[in-house]
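Dear colleague,

Please find below the structure that I am handing over to you. My findings follow directly after it.

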Amino acid sequence: MKIRLKTCTLRTWQNGDEHSIVRHANNYKIWRNLRDRFPHPYTIEDASFWISLAATETPQTNFAIDYDGQAIGGIGLILRDDIYRCSAEIGYWLGEDFWGRGIVSEAVIALTAWAFDEFDLSRIYAGVLEWNKPSMRVLEKAGYQLEARLKNAVIKEDRIMDEFVYAIQRKQ
Ligand SMILES: CC(C)(COP(=O)(O)OP(=O)(O)OC[C@H]1O[C@@H](n2cnc3c(N)ncnc32)[C@H](O)[C@@H]1OP(=O)(O)O)[C@@H](O)C(=O)NCCC(=O)NCCS
């Protein structure tokens, strides 16, 4: 998979991405906005494990955000199952050096369109921690709408807080 965009390219994770993953992902400011399963500190072993997982998954739903040949971030989907199989969750992160350039907004727009083309989905959603205004803005710019504020739904850094659920529907 390769989608060329103005600010970046979305592509399959590949061997050789390990060092740039560690360079950009090993950042507490990134970790504090993601699930606890995202490693911190982020080691070379974590990066190798991630590449082997993402490069061999079927179907492929996790992609590197590539800038100038370097994997500077990641974006992906979790396809839900059972009665939720018409839904997918989107997630993403970007190396701090590249924040504020519109990269993830463009990536979310592109991956959302790709996902509706590729899979039989009616809805794509994201869960955002209450302090993560940049991510809420990214989703709004990509056409997602705030659907719910789940009170005290999540815990991060030992603090219980609200989760903001943003979603976009397939255009009829
Ligand atoms: C959130 C994240 C993905 C944004 O990536 P990015 O490429 O910098 O985002 P963009 O440049 O496309 O857009 C960011 C928007 O947030 C805005 N923003 C930044 N800080 C803000 C703040 N404190 N309050 C409100 N808006 C803010 C920017 O101004 C921009 O909006 P604009 O284009 O209208 O000016 C990146 O900061 C990141 O990786 N954070 C850590 C991991 C994470 O939060 N992942 C998402 C979990 S839900």
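At least two residues of the shell around the ligand come from each of strand S5 (87-94), helix H4 (103-118), strand S6 (123-129) and helix H5 (133-141); helices (H or I, at least four residues) and strands (E, at least two) are DSSP runs, numbered from the N terminus. H5 supplies the largest share, 5 residues. Of the 21 residues around the ligand, the nearest are Asn33, Val104, Ser105, Lys133 and Arg137, a residue being counted if its C-beta atom, placed from the backbone, lies within 6 Å. The shell comprises 12 nonpolar, 6 polar and 3 charged residues (nonpolar: Ala, Val, Leu, Ile, Met, Phe, Trp, Tyr, Cys and Pro; charged: Asp, Glu, Lys and Arg; polar: the others, Gly among them).

This is a predicted model, in which local features need pLDDT of at least 70, side-chain atom pairs count only at pLDDT 80 or more, and totals for chains, interfaces and linings use all residues. Residues are numbered from 1 along each chain as its sequence is written.

Glu18, Ile21 and Val22 in H1 are in contact with Ile44, Ala47, Ser48, Trp50 and Ile51 in H3 (C-beta atoms, placed from the backbone, within 7 Å). The residues of this contact are 6 nonpolar, 1 polar and 1 charged.

Strands S7 (residues 145-156) and S8 (residues 159-169) run antiparallel and are joined by 8 bridges; strands pair if DSSP finds at least two bridges between them. Valine 154 has methionine 161 in S8 as its bridge partner. The two strands form a hairpin with 2 residues between them, and glutamate 157 in the turn has a positive phi of about 50°.

Yours sincerely

How values were computed. Contact = placed C-beta atoms within 7 Å.
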